[in-house]
Structures are given as C-alpha cells and as structure tokens.
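Have the coordinates open and follow along.

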Amino acid sequence: MAKSQATAAVAPSSASALLPVASTTRRDGVIAEIKRAIVLGALKPGEKLTEAQLSSSLSVSRPTVREALNQLAQEGLLVQEPYRGLRVASLDAKALLDIAEARVAIDMQAMTAILADGSGRRLEMVMDSWREYARLAFDPDPLVQHDAHLRFHRSIWAASENYLLLKLWPVTEAHITIALAQDQFTRSDPQRAFEVHERLVDAIRTRNLDKIRAAFVAHTIDSAEELVALMAAAEGSD
C-alpha cells in the first residue's frame with residue numbers, strides 16, 4: 001500500500017513536468033524565426049526588438065517571446081542595452097577581425113585532432129558535410145545556403161570530438177550568423193563563398209597542416225579583412 005501511495009504521489013509531479021514541452025517548442029519556433037529574419041536581412045544589426053511586436057507578429061504569448069529573446073541574448077545574437085532594450089547584435093571592425101583570428105586557431109586545433117584519427121572516420125565526417133554544402137551552396141533560399149554553411153563549419157568542430165568545442169559552438173554560431181548577415185548586406189556572392197570553401201576542402205584533403213592553416217587564413221581572416229574594408233568604404237560614401 002505504501003508503495004502504491006508513493007507512486008500515486010509521484011505521478012502528478014511527473015505528468016506536470018512534461019507539460020512545458022509545447023511551450024518550449026513554441027519558444028524554439030520563435031528563435032528560429034528571429035534567426036531567419038536576421039539571416040535574410042529583415043532584421044538588421046542594431047534593430048530593436050520588443051516582446052509586444054514579436055508576440056503579435058508570431059502569434060505567441062509574450063512569456064514565450066521573452067524566453068526566446070533571453071536565449072538569443074545568452075547566445076550573443078541579441079544584445080541588451082540599458083534603457084534601450086534588446087537589439088540585434090552588430091559587430092564592428094575589431095570584433096570581426098578578433099572573431100576571425102580566434103576561429104582560425106580553434107579550427108586548426110580541431111583539424112589536428114581530426115587528422116590524428118588514423119581510421120579516417122573523423123575526416124570523412126567533414127567530407128560528408130562538405131558534400132551537403134556543395135549541393136546546397138546555390139539554393140535559391142539564402143537561409144538554406146546559410147544553414148548548410150554553418151553545418152559544414154560545425155562538422156569540423158564536431159569531428160574533432162572535443163567536448164569544449166561543441167559547448168562553445170552555439171555562441172560561435174551566433175557571431176558567425178551576425179558576421180554573415182553583415183556580409184550579406186555588403187556583398188552577396190554565393191559563387192565566391194563556394195570557391196573559398198572549395199579551396200579550403202582541397203587543402204584539408206592534403207592532410208598537410210601548413211596548407212590547411214593557409215586555407216583557413218584565406219577563408220576566415222582574409223574574408224573578414226575584405227568585409228571590413230568594404231564596410232569602411234560604404235560608410236565613407238554615405
């Protein structure tokens with residue numbers, strides 16, 4: 001009898017613990033829509049977001065929107081400014097270059113671990129992701145291109161099987177998304193993006209770390225420097 005009573009006492013608590021699942025799904029939907037708007041340029045760096053506006057346009061409750069905005073702020077896609085609320089994050093020239101330099105260092109750490117796998121299994125994970133990116137690089141939907149791009153870079157960190165890199169990825173992804181959004185405003189050239197990644201993959205196939213590092217520098221740091229120069233030129237022409 002005591003066991004039965006204990007089970008009955010636990011059941012309501014267990015059932016109630018499952019109820020927020022629907023709310024979490026809606027929150028994730030809000031997060032996905034905001035990310036989509038940022039990637040497509042509907043929401044621009046520095047643009048203010050309000051719970052009321054998003055709740056109305058997305059047909060979800062304000063608490064659900066608040067949860068989504070808090071999550072995006074934690075990831076770095078949004079920033080909280082005193083007396084100004086939440087805004088889409090923007091990256092200045094220094095931030096873009098800092099991120100590029102850090103990414104090259106981390107990518108090389110990942111590649112060292114990948115190439116240390118004599119079975120080739122880790123490298124094949126990267127190649128699988130590259131083939132998917134190549135298939136979607138010219139998709140008419142810019143968001144499909146963007147997601148394939150991010151999955152390719154995430155696959156490098158994932159293939160390293162480094163615990164910390166996978167934990168760092170969500171924040172890194174948010175900053176890459178902002179950088180790509182700013183790149184999209186400045187230049188939109190899928191062909192260039194594909195060719196840069198193709199050269200990177202060609203270098204990875206050589207398994208030569210010096211060549212791989214040079215390709216990552218060209219892909220990440222050189223691209224960031226080009227973007228900064230284009231942004232400066234655009235500001236100078238205003």
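## Helix packing and cores

The axes of H9 and H10 come within 7 Å of each other and cross at roughly 160 degrees. An angle over 145 degrees counts as roughly antiparallel, so that is the description for H9 and H10. Their crossing is left-handed. On the H9 side, the contact is made by Arg192, Val196, His197, Arg199, Leu200, Ala203, Ile204 and Thr206, while H10 brings Lys211, Ile212, Ala215, Phe216, His219, Ser223 and Glu226. Sorted by class, the contact of H9 with H10 has 7 nonpolar, 4 polar and 4 charged residues. Please keep in mind that this is a predicted model.

H10 (residues 209–237) also packs against H5 (residues 93–115), at an angle of about 165 degrees and with the axes 9 Å apart. H5 and H10 are therefore roughly antiparallel to each other as well. Here the crossing is right-handed. The residues of the contact of H5 with H10 divide into 17 nonpolar, 3 polar and 5 charged.

Two packed helices are described by the angle between their axes and the distance between the axes. The table puts the two pairs side by side.

| Helix pair | Angle between axes | Axis distance | Handedness of crossing |
|---|---|---|---|
| H9 and H10 | roughly 160 degrees | within 7 Å | left-handed |
| H5 and H10 | about 165 degrees | 9 Å | right-handed |

Which residues have the most contacts inside the largest nonpolar core? They are Met111, Phe152, Ile156, Ile212 and Phe216, in a core of 33 residues. At least two residues of this core come from each of H5, H6 (121–136), H7 (142–159), H8 (163–186), H9 (190–206) and H10. H5 gives the largest share, 7 residues.

Thr186 and Val228 are 42 residues apart in sequence, and their C-alpha atoms are 9.7 Å apart in space. Apart from neighbours within four places in sequence, Thr186 is in contact with Leu227, Leu230 and Met231. Is Thr186 buried, partly exposed or exposed? Its relative accessible area is 31%, so Thr186 is partly exposed.

Now for two loop residues with backbone angles to check. Most residues other than glycine have a negative phi. Glu161, in the loop between H7 and H8, has a positive phi of about 55 degrees although it is not a glycine. Arg207, in the loop between H9 and H10, has a positive phi of about 65 degrees and is not a glycine either. Glu161 has 40% relative accessibility and therefore counts as partly exposed. Arg207, at 38%, counts as partly exposed too.

Finally, step back to the whole chain. Its secondary structure comes to 10 helices and 3 strands, and from the N terminus on the elements run α-α-β-α-α-β-β-α-α-α-α-α-α. Of the 238 residues in the chain, 39% are buried. Among contacts with a separation of 6 or more, 71% join residues 24 or more positions apart.

Definitions and conventions:
Residues are numbered from 1 along each chain as its sequence is written. This is a predicted model: local features need pLDDT of at least 70, side-chain atom pairs count only at pLDDT 80 or more; totals for chains, interfaces and linings use all residues. Side-chain values use heavy atoms; hydrogens and water are left out. Axes are lines fitted to C-alpha atoms, for helices over the stretch in contact, and angles run from 0 to 180 degrees between N-to-C directions. Helices (H or I, at least four residues) and strands (E, at least two) are DSSP runs, numbered from the N terminus. Angles under 35 degrees count as roughly parallel, over 145 as roughly antiparallel, 65 to 115 as roughly perpendicular and the rest as oblique. A crossing is left-handed if the near helix is turned anticlockwise from the far one by less than a right angle, and right-handed if clockwise. Ala, Val, Leu, Ile, Met, Phe, Trp, Tyr, Cys and Pro count as nonpolar, Asp, Glu, Lys and Arg as charged, and the others, Gly among them, as polar. A nonpolar core is a set of buried Ala, Val, Leu, Ile, Met, Phe, Trp, Tyr and Cys residues joined through side-chain atoms within 4.5 Å. Buried means under 20% relative accessible area, exposed over 50%, partly exposed in between (1.4 Å probe, protein chains only). Contact means heavy atoms within 4.5 Å.
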